[in-house]
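Dear colleague,

Please find below the structure that I am handing over to you. My notes on it follow directly after it.

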Amino acid sequence: MAICFNYGCLSEATVALSEERLAEIRERLMLADSALAERAILALVLGQLYRWAGEQSPISADRPGDFLDDEAYGRMDCIDHAESTTRLLTMLEARGYLRFHVVAPISRRVRWLVAQHFSAVIRERNDEAPDTGARFVVDTWFGEHGDPAVVLPLEDWLDGEGPNVS
């Protein structure tokens with residue numbers, strides 16, 4: 001699986017996740033008995049997946065936001081995070097590990113005409129009416145490398161919600 005880094009997916013590193021590690025992730029996600037529980041577990045699982053990816057790539061140098069990691073090789077902007085997180089979510093979905101959500105397209109918010117932010121998105125599964133489930137951003141950009149993802153309703157995130165990061 002390819003992980004993006006160095007801003008705008010300028011660089012990519014291939015990381016391999018062992019079946020043993022993926023079984024651990026599956027076991028954790030299978031504990032979810034609702035969409036709410038799956039989102040909470042997913043936030044933690046993504047942090048773990050990023051920590052493992054950081055063992056095989058330079059992304060462990062990443063810091064919150066875009067300014068704390070300066071020019072570090074392995075730094076990640078929101079584009080890198082949105083793309084890499086979407087790839088990780090798609091891998092989990094393809095393996096059947098997501099029972100209450102499906103992966104949706106990356107979302108972009110624009111504020112103050114020039115400030116943009118991108119994030120991965122999941123949608124609550126609704127087999128009777130596909131494309132109608134509530135949507136949530138799954139944003140790994142805000143925290144330190146390997147911290148749990150921030151999971152928020154898409155509409156709240158579009159309105160500017162999320163931790164303050166320099």
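In which hand does α1 pass α2 in their crossing? The crossing of these two helices, α1 and α2, is right-handed. Please bear in mind throughout that this is a predicted model.

**The helices**

Two packed helices are described by the angle between their axes and the distance between the axes. For α1, which covers residues 19–29, and α2, which covers residues 35–56, the angle is about 165° and the axes lie 9 Å apart. Angles over 145 degrees count as roughly antiparallel, and α1 and α2 are therefore roughly antiparallel to each other. On the α1 side, the contact is made by Arg21, Glu24, Ile25, Arg28 and Leu29. They meet a set of α2 residues that includes Ile41, Leu42, Val45, Leu49 and Trp52, as well as Glu38 and Glu55. Sorted by class, the contact of α1 with α2 comprises 8 nonpolar, 1 polar and 5 charged residues.

Helix α2 also packs against α3, which spans residues 78–94. Here the axes come within 11 Å and cross at roughly 110°. An angle from 65 to 115 degrees counts as roughly perpendicular, so α2 is roughly perpendicular to α3. The residues of α2 in this contact are Leu42, Val45, Leu46, Leu49 and Tyr50. Their partners in α3 are His81, Ser84, Thr85, Leu88, Leu89 and Leu92. By class, the contact of α2 with α3 has 8 nonpolar and 3 polar residues, with no charged residues. Leu42, Val45 and Leu49 of α2 take part in the contact with α1 and also in the contact with α3.

**Strand β4**

With a relative accessible area of 5%, His117 is buried, because buried means under 20%. The side chain of His117 is joined to that of Asp139 by a polar contact of 2.7 Å. Leaving aside residues up to four places away in sequence, His117 touches Cys78, Ser107, Arg108, Arg109, Asp139, Trp141, Phe142 and Trp157.

Ser119 is also placed in β4, and it is buried, with a relative accessible area of 1%. Its side chain reaches the backbone oxygen of Val138 at 3.4 Å. Again without residues up to four places away in sequence, Ser119 touches Ala82, Ile106, Ser107, Val137, Val138, Asp139 and Trp157.

**The loop between β1 and β2**

Tyr7 is found in the loop between β1 (2–5) and β2 (11–14), and Cys9 is found in that loop as well. Tyr7 has a positive phi, near 70°, although it is a residue other than glycine. The phi of Cys9, likewise a residue other than glycine, is positive too, near 55°. Tyr7 counts as partly exposed at 24% relative accessibility, and Cys9 is partly exposed with a relative accessible area of 24%.

**Helix α4**

Lastly, Glu155 belongs to helix α4, made up of residues 154–158. Glu155 is partly exposed, at a relative accessible area of 47%. Between Glu155 and Ser34 there are 121 residues in sequence, counted as their separation, and 21 Å in space from C-alpha to C-alpha.

With kind regards

Note on methods: Residues are numbered from 1 along each chain as its sequence is written. This is a predicted model: local features need pLDDT of at least 70, side-chain atom pairs count only at pLDDT 80 or more; totals for chains, interfaces and linings use all residues. Side-chain values use heavy atoms; hydrogens and water are left out. Buried means under 20% relative accessible area, exposed over 50%, partly exposed in between (1.4 Å probe, protein chains only). A polar contact is a pair of N or O atoms within 3.5 Å; within protein, one must be able to donate a hydrogen and the other to accept it, and residues adjacent in sequence count only if both atoms are side-chain atoms. Contact means heavy atoms within 4.5 Å. Axes are lines fitted to C-alpha atoms, for helices over the stretch in contact, and angles run from 0 to 180 degrees between N-to-C directions. Helices (H or I, at least four residues) and strands (E, at least two) are DSSP runs, numbered from the N terminus. Angles under 35 degrees count as roughly parallel, over 145 as roughly antiparallel, 65 to 115 as roughly perpendicular and the rest as oblique. A crossing is left-handed if the near helix is turned anticlockwise from the far one by less than a right angle, and right-handed if clockwise. Ala, Val, Leu, Ile, Met, Phe, Trp, Tyr, Cys and Pro count as nonpolar, Asp, Glu, Lys and Arg as charged, and the others, Gly among them, as polar.
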